[in-house]
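Please walk me through this protein in the viewer, one selection after another. For each stop, say what to pick and what is found there.

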Amino acid sequence: MGLSGISRQNQRVLSGMRPSGRLHLGHYHGVLKNWAKLQHEHECFFCVVDWHVLTTHYENPEIIEQSVWDMVIDWLAAGINPGSATLFIQSKVPEHAELHLLLSMLTPLSWLERVPTYKEQQDKLKDRDLSTYGFLGYPLLQAADILVYKAGAVPVGADQVPHVEMSREIARRFNHTYGKEPGFEEKAEAAIKKLGKKNAKLYNQLRRDYVQEGNEESLAKAQALVEGNASISIGDKERLIGYIEGGGKIILPEPQALLTPVSKMPGLDGNKMSKSYNNTIEMREAPDSVESKIKRMQTDPARVRLSDPGNPDNCPVWQLHEVYSPDDVKQWVRKGCTTAGIGCLECKQPLVDCVVKETGEFREKAREFEENPEMVRAIVAEGSEKARDVAKETMDDVRQVMGLAYR
Ligand code: TRP
Ligand code: SF4
C-alpha cells in the first residue's frame, strides 16, 4: 500500500506482549528500547495480552497474575512512561473480546489455518493442547487488539508479520462488507462541498488523478488535504478518504507492521537470548549474578592456555562487546585476543561493568514500583480505562454497521 496507508492512518501505534514474567536483556534491546523511542513519536498503546497466554496455557492460570505485574514493572523500568504511552491489560478491555467475536463471523477458517505460526507452534509445543478453538483464533484475537484502536502501525518482529498481514485482510473484508452505507456517493459528494470551493476543486482533481492514473502521490496528497481539514466531521473525513479509493467508508483502517530493527542481542552462549535456551540475563539481575554469568561464559575453544591466541569471531563474549563496547575497547579486545595479550577474564571485565551498570539502572527504577505495587496497579487501571474509551468508540461504529445498534 506504501504511502497511502501511512498518510491515511493517524499512525496510532499498538503493540502487545504476552506476560511471561520477568523480562531479560533480549526483550529490552529487541523490543522495549524501541517502544520507549516510539512513545515520543506517536500515540502509543502497549497491551499486556493475558488472554493470549490462555490460548496456549489454559491449564496454568496460576502463572498469569504474577507474570503480568513482573512484566509491567520491567516495562516501566525500561522507560515506558505512563505519561507518554497507554499501558493496559487486554482482559480489562472486554471490547477486544467483542470485536474478536464479531470478526469471527466473517473470518474464513482457511485464513486461520494457513497462518504459519498455527502449524509451527503445534509441531513445536507438542506437550501442549493446541487443538483448541482458542488457539486457532490466536491471530484473530490479535487482529481485534489492533483494529479496536484503529492503530496504523504495529511494531513487531518478523515472526509476527503474518499476523499483522491477516489483520489487514480482515479489516479489508470488514470494510468491504460493511463500509457501503446507503447513499454513500451522495454523502461523499455532499462532504466534498463542505471542503470549500478551492479545496473541493483540488480534491476532485487529485481524486481523478488517482482513479484514472493510479497516481499514488495524488492519493497521498488528497488524504493529507482531508486529514488536515479542521471543519468537517470525522464521518465525512472517512467518507472522503474512502471515496478516493473507490471503496466505501473505512470503518477499520488497515494497520501496517512496523518491523522492529533486528536486535543482535546474543545470549550467554552466543545464540539469541531466550528463556527457552536458558542463556539470559534478566533486566533486574543482581550484580553478583551478572558477574558470575559473564565470567562463566564459554570463550573461543582454541584458547586453552593464556598463551594461545584466540579469534573473537569464534567467541560469544565478542558478540556482547559488539553490543556494549565502544570502538577503543573493541580494538583492545581484538588485538589482545589475537596476540594472546589479554586473558579471557580480563576481556570480560568491561562487559561485566557495562551490564552491571545497565541492569543497575533497571533495578533502581524497578525498586520504586516493587516497593509500591499500588502505584503499578493504578498506572494499569488508568491505562486500561483510557484504552477502553477508545475501544468503545470503535465498537459503537462496528455494532452500528453490523445491525446491532439498538435504541
Ligand atoms: N502475538 C504477539 C507475540 O507473540 C503478541 C500480540 C498480541 C501482539 N496482540 C498483539 C503484538 C497486537 C502486536 C499487536 O509477540
Ligand atoms: Fe573471547 Fe575475549 Fe577470550 Fe578472545 S579474549 S576468546 S574475545 S573472551
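The tour below goes from the whole chain to single side chains.

**Whole chain**

Keep in mind throughout that this is a predicted model. Start with everything shown as a cartoon. The C-alpha trace spans about 85 × 45 × 40 Å along its principal axes. The protein has 19 helices and five strands. Of its 407 residues, 51% count as buried.

**Domains**

Next, colour by domain. Select 8–179, 253–263 and 372–401 together for domain 1. Domain 2 is 184–245, and domain 3 is 284–370. Between the C-alpha centres of domain 1 and domain 2 the distance is 32 Å.

For a sense of scale, pick Ser-110 and Lys-198 and draw a line from C-alpha to C-alpha. The two are 88 residues apart in sequence and 48 Å apart in space. Ser-110 sits in helix 6, residues 109–113. Its relative accessible area is 42%, so Ser-110 is partly exposed.

**Salt bridges**

Now show the side chains of Lys, Arg, Asp and Glu. Side chains of opposite charge can pair when their charged atoms come close. How many salt bridges are there in the protein? The count comes to 24 salt bridges.

Select Glu-43 and Arg-12. Their side chains meet in a salt bridge, with 3.1 Å from N to O. This pair links distant parts of the chain, 31 residues apart. Glu-43 is in the loop between helix 2 (25–38) and strand 2 (44–48), while Arg-12 is in the loop between helix 1 (3–8) and strand 1 (13–17). Is Arg-12 buried or exposed? Arg-12 counts as buried because its relative accessibility is 12%, under the 20% limit. Glu-43, at 41% relative accessibility, counts as partly exposed.

Move to Arg-284 and Glu-370, whose side chains form a salt bridge of 2.7 Å, N to O. Here too the pair links distant parts of the chain, 86 residues apart. Look for Arg-284 in the loop between strand 5 (256–259) and helix 15 (287–295); Glu-370 belongs to helix 18, residues 344–370. Arg-284 has a relative accessible area of 5% and is therefore buried. Glu-370 counts as partly exposed, at 38% relative accessibility.

Then select Asp-308 and Arg-305. They form a salt bridge in which the closest N and O atoms are 3.6 Å apart. Asp-308 is buried, with a relative accessible area of 18%, whereas Arg-305 counts as exposed at 55% relative accessibility.

One more selection takes in four side chains. Pick Glu-165, Arg-168, Arg-172 and Glu-254, which are linked in a network of salt bridges.

**A charged patch**

Which residues gather in a patch of negative charge? Select Glu-382, Glu-385, Asp-389 and Glu-393 to see this patch on the surface. Glu-385 lies in helix 19, residues 373–401. Why does Glu-385 count as exposed? Its relative accessibility is 58%, and exposed means over 50%.

Terms used
Residues numbered from 1 in each chain as written. Chains lettered and ligands numbered in written order. Predicted model: local features only at pLDDT ≥ 70, side-chain atom pairs only at ≥ 80, totals over all residues. Heavy atoms only, no water. Patch = residues over 30% accessible without salt bridge, like charges linked within 9 Å, V, L, I, M, F, W, Y side chains within 5 Å. Areas by Shrake-Rupley, 256 points an atom, 1.4 Å probe, with all protein chains shown as cover. Lys, Arg positive; Asp, Glu negative; His and termini not counted. Charge placed at Lys NZ, Arg CZ, Asp CG, Glu CD. Helix = DSSP H or I, 4+ residues; strand = E, 2+ residues; numbered from the N terminus. Buried < 20%, exposed > 50% of the residue type's maximum accessible area, 1.4 Å probe, protein only. Domains from an automatic or database assignment.
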